[in-house]
Amino acid sequence: MKLEEITEPLLSWYEENKRDLPWRRDPSPYHVWVSEIMLQQTRVEAVKGYYERFLSALPGIEDLAACPENKLLKLWEGLGYYNRVKNMQKAAKEIVLKYNKEIPADYEKILALPGIGSYTAGAVSSIAFGLKKPAVDGNVLRVISRITENGDDILKQSVKKRVEQELEAVMPEDRPGAFNQSLMELGATVCIPNGMAKCSDCPVSHLCKARANGTVLEYPKKASKKKRRIEEKTVLLIQNGQEYAICRRPDQGLLAGLYEFPNVEGWLTEEEVIRAVEEWKLIPLHIRTAGEAKHIFSHVEWHMKGYVVKVASTEEKEAGNLLFINKKESKGKYAIPSAFSAYRKYIEED
DNA sequence: AATTCGGGGGC
DNA sequence: GCCCCAGAATT
């Protein structure tokens, strides 16, 4: 089987079956770029709402380049992988300065921008500019591994590089964007993972080696993942009247630059919590438990126990690194990640 | 080549 | 519980 045989069936199928997605309506380079960054390791359904809101707030590249970081993170709040939006702003500033406010129609220049790897560079190049560059994501790797019945570990970058070369060699000159999207669309809606592939709906099932040999369930091959480590934390809801304390996380590492309720490593007793609050030079008046919560990241789990600590009224908005905010500021101003969703209700109620 | 980055939905 | 998602950057 020659791989290029998939081109015509895929393109025809795509035109008939493609989903109506927000970023397919007006595929300007900026729109395609924003959508592709949001879609990195993130499902289409999760992105839709964020995409519309983001472009309403920042309709152009210059708006993105000039946006204050807190507002930017608030627009991304809950979407995850927050370096994506920071890198996107870096790239926007670079585009404004070096490329006269327009994304260059050049694969290598796009690839060199922060936050853009081979997949995103290929997607923007092909979809927004009609350049013949492949866009190989997890969908494409799964589809190709099944069609070719290839047992290599698709998590290896060497495999991704090889698939990119193979696809670039057989891509149609005229419709590279549609070709790339057809492979992803097939992977997302028909050739889906975990053994539920709908081969009867597949336009290239007659070319699929795994289908012919009944081995679809065995592909793609992936190396097993290592276990997550577990971190125990005590989360403090420090209440001063209608306001609660939050603090900014460090600029590097997990959830960098986002805000959180003050918390400490380990599970503290009430007495230890009282002492910890006094370390902030606050005067604890009353303490009660605020329940337990678990949050699972890709590589770590937080097992949290919470306490509500009412403190004596203080004039200061800030105490050390603490920042006292009200319900309105919590909802509209500061980005607090989903890891703390179990505890946000304390400030968002009352 | 491995690890670190979020969060949610499906089974 | 485990899987995976329109991946990229860092170590």
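Leaving aside its neighbours within four places in sequence, Arg344 touches Lys74, Glu77, Phe261, Ser330, Lys331 and Ile336, where contact means heavy atoms within 4.5 Å. This is a predicted model, in which local features need pLDDT of at least 70 and side-chain atom pairs count only at pLDDT 80 or more, while totals for chains, interfaces and linings use all residues. Residues are numbered from 1 along each chain as its sequence is written, chains are lettered from A and ligands numbered from 1 in the order in which they are written, and side-chain values use heavy atoms, with hydrogens and water left out.

**Arg344 and its setting**

- Arg344 sits in helix α15, residues 341-348, where helices (H or I, at least four residues) and strands (E, at least two) are DSSP runs numbered from the N terminus.
- With a relative accessible area of 11%, Arg344 is buried; buried means under 20% relative accessible area, exposed over 50%, and partly exposed in between, with a 1.4 Å probe and protein chains only.
- One of the contacts of Arg344 is Ser330, and the C-alpha atoms of Arg344 and Ser330 are separated by 8.4 Å, the two being 14 residues apart along the chain.

**The chain as a whole**

- Chain A has 15 helices and 8 strands, and its C-alpha atoms fill a box of roughly 75 × 50 × 30 Å, taken along the principal axes.
- Of the 350 residues in chain A, 50% count as buried.
- Among the contacts in chain A with a separation of 6 or more, 69% are accounted for by residues 24 or more positions apart.

**The annotated span and helix α11**

- UniProt, in an unreviewed entry, lists residues 38-189 as "domain: HhH-GPD"; its positions are given in the numbering used here, feature names are shortened, and annotations may be inferred rather than shown by experiment.
- Residues 38-189 are 66% helix and 0% strand, and the end C-alpha atoms of the span lie 19 Å apart.
- Helix α11 (residues 176-189) has 14 residues and reaches 20 Å from its first C-alpha to its last, close to the 20 Å expected at 1.5 Å a residue, the expected span being 1.5 Å times one less than the number of residues.
- Because 12 of its 14 residues are buried, α11 is largely enclosed by the rest of the structure.
- The buried residues of α11 include Pro176, Phe179, Leu183 and Met184, and the buried residues of this helix pack against α1 (7-17), α8 (118-129), α9 (138-147) and α10 (157-170).

- The structure holds 2 cavities of 30 Å³ or more; on a 1 Å grid over the protein atoms alone, a cavity is a set of points where a 1.4 Å probe fits but cannot get out, and lining residues have an atom within 4 Å of a point.
- The largest cavity contains about 90 Å³ of space, where grid points are joined across faces, edges and corners and a volume is the space filled by probe spheres set on the points.
- Fourteen residues line the largest cavity, of which Arg146, Cys191, Cys199, Cys202 and Cys208 lie nearest its centre, and helix α9 gives the largest share of this lining, 3 residues.
- The lining of the largest cavity has 11 nonpolar, 1 polar and 2 charged residues, where Ala, Val, Leu, Ile, Met, Phe, Trp, Tyr, Cys and Pro count as nonpolar, Asp, Glu, Lys and Arg as charged, and the others, Gly among them, as polar.
- The second largest cavity has a volume of about 40 Å³, and the residues lining it include Leu141, Ile144, Val159 and Arg162.
- Helices α9 and α10 are the elements that give two or more residues to the lining of the second largest cavity, which divides into 5 nonpolar, 3 polar and 2 charged residues.

**Loops and backbone geometry**

- Most residues other than glycine have a negative phi, and most peptide bonds are trans.
- Lys101, in the loop between α6 (83-98) and α7, has a positive phi of about 70° although it is not a glycine, and Lys101 is partly exposed, with a relative accessible area of 41%.
- Glu149, in the loop between α9 and α10, has a positive phi of about 50° although it is not a glycine, and Glu149 counts as partly exposed at 22% relative accessibility.
- The peptide bond from Tyr219 to Pro220 is cis, with omega near 0°, and Pro220 is found in the loop between α12 (209-213) and β1 (229-240).

Key:
1 Å grid on protein atoms, 1.4 Å probe; cavity = no way out; pocket = protein on both sides within 12 Å on 5 of 7 lines; lining within 4 Å.
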